[in-house]
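The tour goes stop by stop: select, look, move on.

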Amino acid sequence: MDLVDLGTRIQDLRTERGWTLQDLADSASVSTGMLSAVERGQKAATIVVLARIADGLGVPVADLLATPRRVVLRRAAEQDVIDEPGGWQRTILSPVVPGVNFEWVRTTLPAGRDAGVFPAYAPGSHEFVVVESGALCLTVGDTAHRLEPGDSLYFAADAPHGYANPGDVPCTYYVAALIMRPRRPART
């Protein structure tokens, strides 16, 4: 990987998190001057500096150096199926792609089941929902929306939101989510 590609990769990961140069410099314990020069491809970082930057971003060093894959195949047998408490099930359909905060999920809620309320995600997060079968009550903030088969709904996911099946048959729905990370990592 050349210096410009490396710098672009670091900058992309930083901006995906909504961080300023100073945010990453603080998180990585690297000067803003050094970080700026690395992001612009004007300076070669030592392995120690790369390790600090990777730690600051919360990714392995290899993620900074690897050439991003343009095609990622996930076979049906590789999908993560999660049986949630309360008897409902989620299947993660999308492959995991480093640096991409997209998730595609199929959920089946039994009749009369409530999946609960999910907290607000970071600003810039989005969810697109489509119902395949059954009925879904999707609450965003204080507003409830009833969706039937074929109905779809978009919402900015930076508000609390909940999913419930008000019907007497199972409900299957899909969520395509772009979830942004919080601006700053949790500090310990």
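## Stop 1: salt bridges

Select Asp80, which is partly exposed, with a relative accessible area of 38%. This is a predicted model. Arg74 is buried, at 16% relative accessible area.

How many salt bridges does a search of the whole structure find? The search finds four. Two further ones are on this tour.

Select Glu39 and Arg14. They form a salt bridge whose closest N and O atoms are 2.7 Å apart. Glu39 lies in helix H3 and Arg14 in helix H1, so the pair ties together parts that are 25 residues apart in sequence. Are these residues buried or exposed? Glu39 is buried, with a relative accessible area of 8%. Arg14 is buried too, with a value of 8%.

Next, select Glu148 and Arg146. Their side chains meet in a salt bridge at 2.6 Å, N to O. Check the surroundings of each partner. Glu148 is partly exposed, with 31% relative accessible area. Arg146 counts as exposed, at 52% relative accessibility.

## Stop 2: helix H1 and a distance check

Stay with helix H1, which spans residues 3–16, and pick Asp12 in it. Asp12 is partly exposed, with a relative accessible area of 37%. Now draw a distance from the C-alpha atom of Asp12 to that of Thr46. The two atoms are separated by 20 Å, and the residues are 34 apart along the chain.

## Stop 3: helix H4

Select residues 47–57, which make up helix H4. Which residues of H4 are buried? They are Val49, Leu50, Ile53, Ala54, Gly56 and Leu57. Colour them and look down the axis. These residues cover an arc of only 160 degrees around the axis, which puts them on the same side of H4.

What do the buried residues of H4 pack against? Their partners are H1, helix H2 (21–28), helix H3 (32–39) and helix H5 (61–65).

Step off the end of the helix. Just after H4 comes Gly58, with a positive phi of about 75 degrees.

## Stop 4: aromatic pairs

Switch to ring display. A search of the whole structure finds four aromatic pairs. Select Trp104 and Tyr174. This pair is tilted, with 6.4 Å centre to centre and 45 degrees between the planes. Where are the two partners? Trp104 lies in strand E3 (residues 102–109) and Tyr174 in strand E10 (residues 171–178), so the pair ties together parts that are 70 residues apart in sequence. Trp104 counts as partly exposed, at 41% relative accessibility. Tyr174 is buried, with a relative accessible area of 17%.

Move to Phe118 and Tyr163. These rings form an edge-to-face pair: 5.8 Å between centres, 70 degrees between planes. Phe118 lies in strand E4 (residues 114–118) and Tyr163 in strand E9 (residues 161–164), so the pair ties together parts that are 45 residues apart in sequence. Phe118 is partly exposed at 25% relative accessibility. Tyr163 counts as buried, at 5%.

Ring pairs link Phe118, Tyr163 and Tyr173 into a cluster.

## Stop 5: a nonpolar patch

Show the surface for the last stop. Select Val100, Phe102, Trp104 and Leu178. Together they make a nonpolar surface patch of about 360 Å². Trp104 is the ring from the tilted pair with Tyr174. Where is Val100? Val100 is found in the loop between strand E2 (89–92) and E3. At 45% relative accessibility, Val100 counts as partly exposed.

Notes: Residues are numbered from 1 along each chain as its sequence is written. This is a predicted model: local features need pLDDT of at least 70, side-chain atom pairs count only at pLDDT 80 or more; totals for chains, interfaces and linings use all residues. Side-chain values use heavy atoms; hydrogens and water are left out. Rings of Phe, Tyr and Trp (its six-membered ring) pair if their centres lie within 6.5 Å; planes under 30 degrees apart count as stacked, over 60 as edge-to-face and the rest as tilted. Helices (H or I, at least four residues) and strands (E, at least two) are DSSP runs, numbered from the N terminus. Buried means under 20% relative accessible area, exposed over 50%, partly exposed in between (1.4 Å probe, protein chains only). The arc is that of the directions from the helix axis to the C-beta atoms. Contact means heavy atoms within 4.5 Å. Patches are made of residues with over 30% relative accessible area and no salt bridge: like charges are joined within 9 Å, nonpolar side chains (Val, Leu, Ile, Met, Phe, Trp, Tyr) within 5 Å. Accessible areas come from the Shrake-Rupley method with a 1.4 Å probe; for residues, only the protein chains shown count as cover.
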